[in-house]
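Subject: Handing over a structure, with notes

Dear colleague,

Please read them with the structure open beside you.

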Amino acid sequence: AVRELDAGHPLRALHWCDRALDAEPDYRRAHRTAARAALRAGQGDRAVTHAGRYLGDRPGKEALGWLQALAAEAEAAKAPDTAAALRALARE
C-alpha cells in the first residue's frame, strides 16, 4: 500500500489497506496509510475515520504530530472541513 501511495495511486493503496484491515482490523499502520491514501483520493470522511482508528484511545506525541501533518496536508489540498475534523481528533 505504501508503495502504491508513493507512486501516486491512492485508490490502489486503499485497496491494499482494506485487504490488510480485513485480515487484522486493528492494524494501526494500515489505518495510518489508509488515512493518507483516502485524503489523497479526495475521501475526507474516510481519511478522518482511519486517522481516528490509528490514534486509538491514548495517542502519543508521535501520533499527534502525524495527525497535525495530515491536517496540514488536507489544508494544502483545499479540504478545510477535513483538516478541521482531523485537528478535532487531536483534542479528543
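His31 is found in helix H3, where helices (H or I, at least four residues) are DSSP runs numbered from the N terminus. This is a predicted model, in which local features need pLDDT of at least 70 and side-chain atom pairs count only at pLDDT 80 or more, while totals for chains, interfaces and linings use all residues. Residues are numbered from 1 along each chain as its sequence is written, and side-chain values use heavy atoms, with hydrogens and water left out.

Is His31 buried or exposed? At 4% relative accessibility His31 counts as buried, a word that stands for under 20% relative accessible area, with exposed meaning over 50% and partly exposed meaning anything in between (1.4 Å probe, protein chains only). Not counting residues up to four places away in sequence, His31 touches Leu21, Pro25, Asp26, His50, Arg53 and Tyr54, contact being taken as heavy atoms within 4.5 Å.

One of these partners, His50, lies in helix H4 and also counts as buried, at 9% relative accessibility. With residues up to four places away in sequence again left out, His50 touches Leu21, His31, Ala34 and Ala35. Leaving aside neighbours within four places in sequence, Arg53 is in contact with Pro25, Asp26 and His31. The C-alpha atoms of Arg53 and Arg28 are separated by 7.1 Å, although these residues are 25 residues apart along the chain.

**How H3 packs**

These contacts belong to the packing of H3 and H4, which meet at an angle of about 160° with their axes 8 Å apart; axes are lines fitted to C-alpha atoms, for helices over the stretch in contact, and angles run from 0 to 180 degrees between N-to-C directions. H3 and H4 are therefore roughly antiparallel to each other, given that angles over 145 degrees count as roughly antiparallel, under 35 as roughly parallel, 65 to 115 as roughly perpendicular and the rest as oblique. The contact is made by Arg28, His31, Arg32, Ala34, Ala35, Ala38 and Leu39 of H3 and by Arg46, Ala47, His50, Ala51, Arg53, Tyr54 and Leu55 of H4.

H3 passes H5 in a right-handed crossing. On the H3 side the residues are Arg28, Arg32, Ala35, Arg36, Leu39 and Arg40, and they meet Glu62, Ala63, Trp66, Ala69, Leu70, Glu73 and Ala74 in H5.

In the loop between H5 and H6 is Lys78, whose phi is near 60°, a positive value in a residue other than glycine. At 73% relative accessibility, Lys78 counts as exposed.

Helix H6 (residues 80–91) has 12 residues and reaches 17 Å from its first C-alpha to its last, close to the 16 Å expected at 1.5 Å a residue, the expected span being 1.5 Å times one less than the number of residues. Which residues of H6 are buried? They are Thr82, Ala83, Leu86 and Leu89. They cover an arc of only 115° around the axis, which puts them on the same side of H6; the arc is that of the directions from the helix axis to the C-beta atoms. The face turned away from this buried side carries the exposed residues Asp81 and Arg91.

The buried residues of H6 pack against helix H3 (28–40), helix H4 (44–55) and helix H5 (61–76). H4 and H6 pack at an angle of about 15°, with their axes 10 Å apart, and that makes H4 roughly parallel to H6. H4 passes H6 in a right-handed crossing, with Gly44, Ala47, Val48, Ala51, Gly52 and Leu55 in H4 meeting Thr82, Ala85, Leu86 and Leu89 in H6. Gly52 counts as partly exposed, at 27% relative accessibility, and the C-alpha atoms of Gly52 and Leu67, 15 residues apart along the chain, are separated by 9.3 Å.

Definitions and conventions:
Helices (H or I, at least four residues) and strands (E, at least two) are DSSP runs, numbered from the N terminus. A crossing is left-handed if the near helix is turned anticlockwise from the far one by less than a right angle, and right-handed if clockwise.
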